[in-house]
Amino acid sequence: MRFHVLTLFPEMIEQGCRTSILGRALQAGAISVTATNIRDYSENKHGHVDDYPYGGGAGMVMQPGPIDRAYQAVKSGIPGKARVIYVTPQGNVFNQQIAQELAKEEDLIFLCGHYEGVDERILEKIVTDYVSIGDYVLTGGELPAMVMIDAISRLVPGVLSNEVSAEFESFHDNLLEYPQYTRPEEYEGQRVPEVLLSGHHANIEKWRREQSLERTLRWRPDLLEQALLTKKDREYLAKKGLQV
Ligand code: ADE
């Protein structure tokens with residue numbers, strides 16, 4: 001997977017993607033991240049890329065020209081078509097399903113806005129997807145782009161070990177994760193649940209599934225509507241007096 005980010009703060013993207021699992025995936029060549037500075041494509045002698053909004057109002061608006069030229073430069077290095085994601089609080093809210101869909105692509109271009117907005121004409125010309133990371137407003141699109149790059153990268157083969165990627169399946173079922181414990185067996189008087197020490201794999205699986213069900217119902221009941229529940233799951237919830 002090749003990520004291409006059009007931004008005014010390329011160092012933010014480069015630094016942010018260099019550490020931890022993404023950093024390792026970059027080194028291994030499982031993903032690549034290139035940040036293109038929109039300012040490099042300004043034709044203004046001061047390097048300006050924004051101007052006052054027509055019709056008045058607060059703030060500045062990013063001009064179409066520099067973004068278009070930065071985009072053309074990136075596109076010329078990509079074989080075939082690439083989706084262009086404009087990160088904006090006005091977009092569809094990003095989730096695991098969108099991450100999975102985007103993970104199938106070979107190249108993804110992210111456009112990060114700043115100031116009060118971006119000239120509508122360039123959005124109409126190049127953007128294929130408008131995506132938000134939640135109902136709050138950030139100062140720019142770099143963090144949202146990095147959030148999406150992280151979530152998409154972990155779905156790319158070779159980025160996570162197989163063991164961990166299987167783990168993800170439980171969220172895929174629209175259930176929250178069960179609680180995890182490690183050593184010591186007792187911490188400040190709190191013992192690790194006995195079943196986890198039993199070595200009885202079937203009982204452990206059953207306990208974990210039940211914990212996932214209970215947690216989802218308690219904290220994210222909205223997820224249960226789309227969860228893939230077995231007859232056993234429903235019976236368990238019913239036994240607890242919980243109706244789905
Ligand atoms: N830019 C500013 N806020 C944002 C958000 N919540 N999601 C995506 N892009 C943004």
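This is a predicted model: local features need pLDDT of at least 70, side-chain atom pairs count only at pLDDT 80 or more; totals for chains, interfaces and linings use all residues.
As for overall build, the protein chain carries eleven helices and ten strands. Its radius of gyration is 23 Å, whereas a compact globule of 244 residues would come in near 18 Å. Laid along the principal axes, the C-alpha atoms take up a box of roughly 70 × 40 × 40 Å. Take the contacts between residues at least 6 apart in sequence: 73% of them join residues at least 24 apart. Charged side chains number 26 positive and 35 negative, with the centres of the two sets 5 Å apart.

Turning to the aromatic rings, a search of the whole structure picks up two pairs. In one, Phe3 meets Phe110 with ring centres 6.3 Å apart; the planes sit at 35 degrees, so this pair is tilted. Phe3 belongs to strand S1 (residues 2-7) and Phe110 to strand S6 (residues 107-112), so the pair ties together parts 107 residues apart in sequence. Phe3 is buried at 0% relative accessibility, and Phe110 is also buried, with a relative accessible area of 0%.

The other pair, Tyr86 with Tyr130, is edge-to-face, at 6.0 Å centre to centre and 85 degrees between the planes. Here strand S5 (residues 83-93) supplies Tyr86 and strand S8 (residues 129-132) supplies Tyr130, a link across 44 residues. Tyr86 is buried at 9% relative accessible area, while Tyr130 is partly exposed at 31%.

Note on methods:
Residues are numbered from 1 along each chain as its sequence is written. Side-chain values use heavy atoms; hydrogens and water are left out. Helices (H or I, at least four residues) and strands (E, at least two) are DSSP runs, numbered from the N terminus. The radius of gyration is taken over C-alpha atoms; the globule rule is 2.2 Å times the number of residues to the power 0.38. Contact means heavy atoms within 4.5 Å. Lys and Arg count as positive and Asp and Glu as negative; His and the chain ends are not counted. The place of a charge is taken as NZ of Lys, CZ of Arg, CG of Asp or CD of Glu. Rings of Phe, Tyr and Trp (its six-membered ring) pair if their centres lie within 6.5 Å; planes under 30 degrees apart count as stacked, over 60 as edge-to-face and the rest as tilted. Buried means under 20% relative accessible area, exposed over 50%, partly exposed in between (1.4 Å probe, protein chains only).
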